[in-house]
Amino acid sequence: MNTTQSSGMRTFTIIWAGQMLSLIGTAMTRFALVVWAYDLTGTATTVALVSFAFFLPLVLISPIAGIVVDRFDRRRVMLLTDLGAGVMTLILLALHLSGGLQVWHTYLLLGASGIFNAFQEPAYIAASSLLVPKTHYARANGMRSIAESSSQLLAPFLAALLLPVAGLTAVMLVDVATFLFAVVTLAIVRVPAPPQDDPITLANWRQQTQTGFRFIAVRHGLIGLMIVFMGMNFMDTLTYSSLLPVTILGKTGGDEFALAWVSVALGVGGIIGGVLVSTFGLPKRLIHGMLAFAAVSFILGDTQIGMGNGLFRWSVGAISAAVFIPAIVAANTTIWQRKTPPAIQGRVFAVKNMIQQAPRPIGFLISGPLADRVFEPAMAPGGALADVFGPWVGTGPGAGVALMFVCTGVIGCTMALSGYLFPAVRNVEDDLPDYDAVLPETRPVEAVLTL
């Protein structure tokens, strides 16, 4: 690695460290708010709506976010969005200290945080592409997965320790401190500007919004990747992302430490997977790292969580699911980074994120009612499905959600493997050239939009 590449990797590592700490603080607050909301209402719907409120604005605002990321300094975009998310936490803290915090406040303010995240994530990935050489994209994406998994590992444990002793106030204060650390790391580094030869940046905002859609629309392999990810995200949202607390808290009588322990197991699995990706890289055929690993993650993870009835089985399921996630995400992201010119990555990744994440708000919206009104009553003692599935997932509180986990495990595995049925998806790495193979420095980005 030459001096310039080494310097870029050091800058990326500084940014990564700040973002990792910020993620831990944010995850602590979200964990604490989920426990607080569930204790207050006792319903799965309330828990699911907390996440719905975060993801809906993220999906809606993404196309505009992509324009901003490509037009302005990506480091400053990240800095301002970190500050904005920190302000939302401060408002929640003020409401809590005044004794006026209500569940609807969390929906509103987490929704605002979702808007900031819509800008932050594409800016982070696009900035990484400018700092890190293409040969190290997988390594950088593995490091990002380690950061996300570290938040899953540490945040529940730390929040569960703080909540009984110091309450929600202490958790949110830690969150604010981590935001400040992330802001400082961004303030002391510099990120190169993307190439400025894209005439689209001089056009109006409507045309700029269309850039990401136009780039993706003629690349059937990328469309296929998004469709597969949409299906997997929907299955993940129906259970892991929305209802894991319900099945653990329901089956343990509200044991917060049991939930924290399973969340820690998720983090351990994710960190192991992230270290493996960062150290050894991805499979030579990246598509296998996405599709095959996703299938294994669903079938081993979701079904173990669903059929388990104690911390050991739940933890095994959590680790089995999470250990593959860094490779899945890194493989998908690396393919997109290699195929997309850096000058338009903000817009393209924003569209990608919007479409891939679009099923999540729907999943969050229906997962709670499905659990509360269909699966939980059906798996109560004497319920309509209790005799059939009770021997597999048990009966009583949390059993209905456990059955949902088994269903999403089987369906999610099938969805992931279905990607191999379509040549445009399984051959995406060969059929689509890397951006630097078709975009010499003298060729404008506009030229590749319709290739």
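**Overall form, cores and selected residues**

The model is a predicted one. Along the principal axes, the C-alpha trace extends over about 70 × 55 × 40 Å. The secondary structure consists of 19 helices and zero strands.

Several totals describe how the chain is packed. Of the 451 residues, 57% count as buried. Among contacts with a separation of 6 or more, 84% are between residues 24 or more positions apart. The protein exposes about 17700 Å², and carbon and sulfur atoms supply 69% of that area.

The interior comes next. In soluble globular proteins, nonpolar side chains tend to be buried together. Here the largest nonpolar core has 84 residues, and the members touching the most other members are F12, I15, W16 and L244. Helix 1 (residues 3-41) supplies the largest share of this core, 14 residues. Another core lies apart from it, with 36 residues, including F229, L282, L286 and I335. For I15, the contacts beyond four places in sequence are M78, Y124, L131, L186, V189 and V191.

Apart from residues up to four places away in sequence, R144 touches F12, W16, E121, Y124 and I125. F12 and W16 are among the core residues that touch the most other members, and Y124 is also in contact with I15.

A159 is in helix 5 too. With 0% relative accessibility, A159 counts as buried. A159 and M28 are 131 residues apart in sequence, yet their C-alpha atoms are 5.4 Å apart. Once neighbours within four places in sequence are set aside, A159 is in contact with M28, F31 and V171.

A126 sits in helix 4 (residues 103-131). This alanine has 0% relative accessibility and counts as buried. Leaving out residues up to four places away in sequence, A126 touches V69, R74, Q345 and G346. From A126 to V69 there are 57 residues in sequence and 8.1 Å in space, C-alpha to C-alpha.

A search of the whole structure finds three aromatic pairs. In the pair of Y240 and F405, the ring centres are 5.2 Å apart and the planes stand at 85 degrees; angles over 60 degrees count as edge-to-face, so this pair is edge-to-face. The two residues come from distant parts of the chain, 165 residues apart: Y240 belongs to helix 8 (residues 240-252) and F405 to helix 16 (residues 399-418). Both Y240 and F405 are buried.

Charged side chains also lie over aromatic rings. The charged end of R219 is placed over the ring of F215, at 3.8 Å from the ring centre. K352 lies over the face of W336, 5.8 Å from the centre of the ring.

Two residues from later in the chain complete the tour. E376 lies in helix 14 (residues 359-378). Its relative accessible area is 15%, so E376 is buried. Not counting residues up to four places away in sequence, E376 touches A371, G396, P397, G398, A399, G400 and V401. E376 and N332 are 44 residues apart in sequence and 35 Å apart in space, C-alpha to C-alpha.

P423 is found in helix 17 (residues 423-426). The relative accessible area of P423 is 44%; that value falls between the 20% and 50% limits, so P423 is partly exposed. Setting aside neighbours within four places in sequence, P423 is in contact with V428 and D431. P423 and G224 are 199 residues apart along the chain, and their C-alpha atoms are separated by 9.5 Å.

Note on methods
Residues numbered from 1 in each chain as written. Predicted model: local features only at pLDDT ≥ 70, side-chain atom pairs only at ≥ 80, totals over all residues. Heavy atoms only, no water. Phe/Tyr/Trp six-rings, centres within 6.5 Å; stacked < 30°, edge-to-face > 60°. Helix = DSSP H or I, 4+ residues; strand = E, 2+ residues; numbered from the N terminus. Buried < 20%, exposed > 50% of the residue type's maximum accessible area, 1.4 Å probe, protein only. Lys NZ or Arg CZ within 6 Å of the ring centre and 35° of its normal. Core = buried A, V, L, I, M, F, W, Y, C linked by side-chain atoms within 4.5 Å. Contact = heavy atoms within 4.5 Å. Areas by Shrake-Rupley, 256 points an atom, 1.4 Å probe, with all protein chains shown as cover.
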